[in-house]
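Welcome, and please open your viewer. We will take this one stop at a time, and at each stop you will hear what to select and what to look for.

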Amino acid sequence: MSKNPDIPLQDSGSLSPGGDGPRHVAIIMDGNGRWAQARGRPRLFGHHAGAKRVREVVEACPGLGIEYLTIFAFSTENWKRTQTEVAGLMNLFRRYISREMAALATRNVRVRFIGDRLRLDAKLVKLMDRLEVETAGNDGTHLTVALNYGGRDEVARATKRLAHDVANGTLNPEEVDEETLPRYLDTYVLPDPDLVIRTSGEARISNFLLWQSAYSEYEFIDTLWPDFTAAELGRLCEKFGRRERRFGTVKT
Ligand code: IPE
Ligand code: IPE
Ligand code: MG
């Protein structure tokens with residue numbers, strides 16, 4: 001899928017050191033608001049508690065054989081929330097990046113952002129760019145943060161770029177296929193997620209990785225994101241290892 005020479009193509013036969021754990025886990029980190037509400041606190045209190053969980057989860061990845069972790073931090077639909085919540089979240093992202101930059105760099109984590117940066121505040125985008133540059137040489141866990149990300153928006157933006165390439169003659173419309181199109185997606189250097197986890201009991205994907213998760217295994221769990229732990233991630237990875245992925249074929 002990817003044309004990038006340093007990223008191997010998705011290969012469901014060579015997963016973790018353990019053999020059959022997920023190589024790429026994507027998480028819809030949901031339930032921060034309800035977690036805060038249950039404690040009689042404002043929603044932002046839940047977002048802060050949720051942000052704190054990310055470090056433990058990232059650090060657990062190497063031990064679980066997870067090479068790629070993609071987390072949904074803010075959707076293209078989340079702008080519909082109150083101005084207070086949106087501004088609080090943007091503030092939190094800025095503070096989080098500044099605070100975690102050094103730790104991520106020294107822990108050999110390579111960070112990338114997906115989503116549309118155009119609607120984001122310039123100061124935040126500058127920090128995102130810096131974090132990507134500072135961790136570009138790392139080859140440990142590939143952490144991708146989906147920020148102002150929507151699957152439909154991503155496909156629309158990709159289609160626009162593809163159409164430009166057709167218009168300027170660098171792409172022949174006859175060449176557009178399942179291999180060509182994903183090269184225009186934000187995730188072009190990433191393998192598809194093997195396992196998608198959503199916390200908080202909701203069984204929907206809310207516009208996350210629509211194209212990429214076509215053959216992902218899903219786990220919808222009741223835990224609210226601020227209560228999610230590395231141990232729970234480990235259990236879900238083990239369970240994944242016991243699943244039979246068929247990709248449309250029949251087992252012989
Ligand atoms: C997920 O938690 C974080 C974001 C969407 C930014 P929520 O804020 O959606 O929490 P709930 O679903 O209201 O409990
Ligand atoms: C999905 O959660 C987005 C993120 C976790 C960032 P939402 O809470 O926004 O999804 P809905 O509104 O319940 O579908
Ligand atoms: Mg929610």
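Start by selecting histidine 24, which has its place in strand S1 (residues 24-28). Helices and strands here are DSSP runs numbered from the N terminus, a helix (H or I) having at least four residues and a strand (E) at least two. Before going further, note that this is a predicted model, where local features need pLDDT of at least 70, side-chain atom pairs count only at pLDDT 80 or more, and totals for chains, interfaces and linings use all residues. Residues are numbered from 1 along each chain as its sequence is written, chains are lettered from A and ligands numbered from 1 in the order in which they are written, and side-chain values use heavy atoms, with hydrogens and water left out.

Is histidine 24 buried or exposed? Histidine 24 is buried, at a relative accessible area of 2%; buried means under 20%, exposed over 50% and partly exposed in between, with a 1.4 Å probe and protein chains only.

**Ligand 1**

Next, select ligand 1 and the 13 residues that surround it, the closest being Asp30, Gly33, Arg34, Arg43 and Arg81. To be near, a residue needs a heavy atom within 4 Å. Look for an oxygen atom of ligand 1 that is 2.7 Å from an N or O atom in the side chain of arginine 34. Aspartate 30 also has a side-chain N or O atom 2.8 Å from an oxygen atom of ligand 1. On its own, ligand 1 has 380 Å² of accessible area, and the protein covers 88% of that. Such areas come from the Shrake-Rupley method with a 1.4 Å probe; for residues, only the protein chains shown count as cover.

Color the helices: H1 (32-37), H2 (43-64) and H3 (83-106) each supply at least two residues of this shell. Which of them gives the largest share? That is H1, with three residues.

**Ligand 2**

Move on to ligand 2, whose surroundings include Ile28, Phe72, Phe74 and Arg198. Strand S2 (residues 68-75) gives the most to this shell, three residues. Serine 206 has a side-chain N or O atom 2.6 Å from an oxygen atom of ligand 2, for arginine 204 the distance to a ligand 2 oxygen is 2.8 Å, and for a polar side-chain atom of asparagine 78 it is 2.9 Å. The protein buries 79% of the 390 Å² that ligand 2 exposes when taken alone.

**Two loop residues**

Finish in the loop between strand S5 (195-198) and strand S6 (217-220), where serine 200 has its place. The phi of serine 200 is near 85°, a positive value in a residue other than glycine. Most residues other than glycine have a negative phi. Leucine 209 is found in the loop between S5 and S6, and it has a positive phi of about 40° although it is not a glycine. Serine 200 counts as buried at 7% relative accessibility, and leucine 209 is buried at 2%.

Terms used:
Polar contact = N/O pair within 3.5 Å; in protein donor to acceptor, adjacent residues only side chain to side chain.
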